[in-house]
Amino acid sequence: MLARSAARPRALRSAVSSSTSWLLSTPARPSPAGSPTSSPSPASSRSLSSSRPSRLDGPRATNTISDEEIAHFSRLSAHWWDPTGEFGLLHRMNPARIEFLKGELLRVEELRGSKWLQGRDVLDVGCGGGIFAESLARSGANTLAIDASGSNITTAQTHAALDPSLRVINSPFSPSASSSARANTLEYRHTAAERLVEEGKTFDVVCAMEVIEHVEDPRGFLECLMQLTKPGGHLLLSTISRTPLARLLTITMAEDILRLVTPGTHSYHKYLKPAELRDFFVREKGWADFETRGCPYDPVAGKWRLLDVGQYGGAGELVNYFAGARRPLE
């Protein structure tokens, strides 16, 4: 997540070895269910152990949400729709997000027209103020956008109510949408992905953009997203690689020196390398069509550039990148 403004100091930004893949390793023995959790060290917080029991072959009972992260972004919620303010970089990244999603779908099928997501159920996890969710809805998707911050959801609902072309449902700020089954809808919910798993929800496309670097249990989070993806469906992520260059650009420069991003927004030890995600999805889980694409920021043009697979020998994935995978047909 990229943001800008008042400082929020974070203790411990110590780096871990960049040559290991312990971030997505098999969880250690879990603590008893319901036991309280304390603030973990950087290494333990990404070991993918959980304070609750884990079942890799069924719904995982875990709490991936970081109260500190949610409080941080809740304080910034009023700034989501200022393209020159707190979340200006995310506004600029939105076209790259749409381009990546469209490219993933085009790998397996033809798409036509401006409503190329028509008829698909799409989930946006960690939707913030709704920047990406609105674009999904305008592209024809039946969009469910969720966030663990209630103030973010209120901001998203309020902004969506300003556009009469969006069929927003279950919102106190929008009139009830018509019951036409052919028209796509946009719904915001203050909830967690785990709750949707409990409800038995599944989606054609599941997106978690700039989210996984803010959760407490990345393995549990990914497994939750996998359960929410229909067989044959797409799971899309965007995040930051754990490299010295990423630390220099996203923390030292963007946060500490230039203050383009709120100090404390990112934690280096929470970053994931593309190879770690590949091992998780392909080697461990057996998912198909996994690929990553770098997305560096061009400060001269003031835009993010989505690169082709392997462009620049993979150097484009040393900082920000996208990852996509398909759930096998069952």
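Predicted model: local features only at pLDDT ≥ 70, side-chain atom pairs only at ≥ 80, totals over all residues.

Trainee: Okay, at what angle do α7 and α9 pack?

Mentor: About 50 degrees, with the axes of α7 (residues 218–228) and α9 (residues 274–284) 12 Å apart. That angle makes α7 oblique to α9.

Trainee: And is the crossing left-handed or right-handed?

Mentor: α7 crosses α9 in a right-handed way.

Trainee: Which residues make the contact?

Mentor: From α7 you have Arg219, Leu222, Glu223 and Met226, and α9 brings in Leu277, Phe280, Phe281 and Glu284. Sorted by class, that contact has 5 nonpolar and 3 charged residues, with no polar ones.

Trainee: Switching topic: how many cavities of 30 Å³ or more are there in the whole structure?

Mentor: The search finds 2.

Trainee: What lines the largest cavity?

Mentor: There are 23 lining residues, and Ile70, Gly126, Ala148, Val211 and Val215 lie nearest the centre. By class, the lining has 12 nonpolar, 7 polar and 4 charged residues.

Trainee: Which helix gives the largest share of that lining?

Mentor: α2, with 3 residues.

Trainee: And what about the second largest cavity, which residues lie nearest its centre?

Mentor: Trp80, Arg97, Gly126, Cys127 and Met209, out of 11 lining residues. Both α3 (88–106) and α4 (131–138) supply at least two residues of that lining. The class breakdown there is 7 nonpolar, 2 polar and 2 charged.

Methods: Residues numbered from 1 in each chain as written. Heavy atoms only, no water. Axes fitted to C-alpha atoms, helices over the stretch in contact; angles between N-to-C directions. Helix = DSSP H or I, 4+ residues; strand = E, 2+ residues; numbered from the N terminus. Parallel < 35°, antiparallel > 145°, perpendicular 65-115°, else oblique. Left-handed = near helix turned anticlockwise from the far one by under 90°. Contact = heavy atoms within 4.5 Å. Nonpolar A, V, L, I, M, F, W, Y, C, P; charged D, E, K, R; others polar. 1 Å grid on protein atoms, 1.4 Å probe; cavity = no way out; pocket = protein on both sides within 12 Å on 5 of 7 lines; lining within 4 Å. Points joined across faces, edges and corners; volume = space filled by probe spheres on them.
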